[in-house]
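Here is a short briefing to read alongside the model. Have a look at the sequence and structure first, then follow the notes below.

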Amino acid sequence: MNPGIGYTALILVSAITTIIGFYGLRVSRTTSDFYVASRTVKPWWNASAIGGEYLSAASFLGIAGLIAISGLDALWFPIGYTAGYLMLLFFVAAPLRRSGAYTIPDFAEARLESATARYVTSVLVVVVGWFYIVPQLHGAALTIRTTTGLPSWVGAGSVVVVVCLTVVTGGMRSITFVQAFQYWLKLTALAVPAIFILLMLSGTTGSGAAIPAGTELFPPSMPLSGDSTYSTLSLMVALLFGTLGLPHVLVRFYTNPDGAAARRTTLIVLGLLTIFYLFPTIYGVLGRVFLPDLAANGYPDATVLLLPGTLIGGLGGEILSALVVAGAFAAFLSTTSGLVVSLAGVISQDVLGGSVRGFRIAAVFAAVVPFGVAMVTDSLALAGSVGLVFAFTASTICPLLLLGIWWRGLTDAGAVAGMLAGGILCGSAIMLGAQTAADSVWRDLLTQPAAWTVPAAFFVTILVSKATAQRRSSSVSRFMTKLHVPERPLAVDNPRTQPN
Amino acid sequence: MSIGPSRPPAEGRVRVAAPRAQATHIPYRTSVSQEVAEQSAVGEVMVRSLIRSQLRLALVVTAGFIAALLLCWALVHLVPTFADWRILGVPAPWLLLGVGIYPVIGACAWLYVRAATKNENQYRDLVDEK
């Protein structure tokens, strides 16, 4: 690929992101602007921003790569990513917005009245965030290596620098604009080349590559086997219950004006995700046919980046390639900055006193540590490594949130025990799984642990809570009322209370 | 402050009267929202029933959605003839998992939001009733 394409795309996206970030700076003045955009973000803006933040390297590059490798079974990934929002909508969105807490540790402290629970939650949130940033940086490294030939650290490093600049200057308010823009950029960057490619292949526009006669575009799925059934089931558990614990997703809900707006926002997000996820499938299917050696060489995640240039020649192909590369960078930037904002919120509130200055220091810290980790680790398949983060979140933060919101019996001891049990089980399973031989019967259980670690974490949480019932928070009734009782409509919004 | 008639009671007798007996009568009513705010037993019952109905709703829709997912999975993996159907050249399993399942997700979300808002409106009507 012409290296100029990579440079142009990278510089354009970084420049636009920074400009929108600075524009946001002009309207971002108070601490509340910094942390929660003063809770005045409209559902459409917020939904675009959530979509922008959520569609990470795994969605933009990873799903197509996975479809190129494993075919039909990979389609469960986008289904799980989308359906995770359904669970978020059902169980978490409105109550969490009403809780008035800003971060998950804030929620833990308010619900359980325990500093220990807060501390454990903070540590877990930071761990989850860091391990989610690492695959984004791997994706950036891969993109830069594929498109320009520069060493890996340039890609990861430029993402970290741009993210630090935008977050440090504008905080949450400007990030909301940046994220919303990046959703639409990502959608355009996948949709436009895909539509061009499909038009070309269907023979309506001139010459170009054609599908070789007799090629089976849609190979039949693998024969049914026990382990693939377990893997799919476990993956779905991880994605359905992992989404509702992701710190960068949850922090977005605090920027809604009220609980009902939080629900409307989620509904719009589901629509935006649905439209987006139609396209990676197209790339994956075509990548199997036209770029089969990518999967064989161990770089299936580059399918999306190389497909437009391979199929469409000339200037058109170069422009479309630049668009795809720009979209990929938007994916790394938006997810990373969302994570950095939420981690900076947690770190600065717990360690640095919650000031704007503390937020800035914490933001840089939150971005630099995963950069170090990304530089010393090898890139796994992006969709797979993000899937593991979901499994870890589902085994640790999900029980705290679900039981905290819906069950009065949860105690601080129960929550801490459940989070630690889930975290230790899931973490050690992932580490053991990476070293297990491919033909071992334990391999699937260890590499896709969510199906047993999530129930185990719930079980421990409930058991310990029951055993320590005397530790129930004294204010649980009041807090439950706050979570579930709808807010009073503001007088101006309600025509019935207007004087006639 | 003296209360009652100006004439003192007869000698040897003591007038016993609660001051409130002559206070202006204020009708005493508690709105349900006050009960909720004061965490009285009535308010507690109302909130508990709201939480229960919201949880029941969420669990029912989740169960329905998971049943739909299982049905899709079974169609794709357990019905061999399903893979032979093609629409515009795309096999049915790819269409189902790549496109068809998303409207189901959207429908579940829409149904839930409608029902949850209805629950909250019912609660609000009950509480605001004077």
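H21(A) passes H2(B) in a left-handed crossing (the near helix is turned anticlockwise from the far one by less than a right angle). This is a predicted model, in which local features need pLDDT of at least 70, side-chain atom pairs count only at pLDDT 80 or more, and totals for chains, interfaces and linings use all residues. Residues are numbered from 1 along each chain as its sequence is written, while chains are lettered from A and ligands numbered from 1 in the order in which they are written.

**The helix pair**
- The axes of H21(A) and helix H2 of chain B (residues 41-78) come within 10 Å and cross at roughly 55°; axes are lines fitted to C-alpha atoms, for helices over the stretch in contact, with angles from 0 to 180 degrees between N-to-C directions.
- Helices here are DSSP runs (H or I, at least four residues), numbered from the N terminus.
- From H21(A), the contact uses Ser477(A), Met480(A), Thr481(A) and His484(A), which meet Glu44(B), Val47(B), Leu50(B), Ile51(B) and Gln54(B) of H2(B); contact means C-beta atoms, placed from the backbone, within 7 Å.

**The chain A–chain B contact**
- Chain A brings 29 residues to the contact and chain B brings 36 residues.
- On the chain A side, H12(A) gives the most, with eight residues.

**Ile197(A)**
- Ile197(A) sits in helix H9 of chain A (residues 152-201).
- Ile197(A) is buried, with 23 other C-beta atoms within 10 Å (buried: 20 or more such atoms, placed from the backbone).
- Leaving aside residues up to four places away in sequence, Ile197(A) touches Leu286(A), Pro308(A), Leu311(A) and Ile312(A).

Conventions:
Helix = DSSP H or I, 4+ residues; strand = E, 2+ residues; numbered from the N terminus. Buried ≥ 20, exposed ≤ 12 C-beta atoms within 10 Å, placed from the backbone. Contact = placed C-beta atoms within 7 Å.
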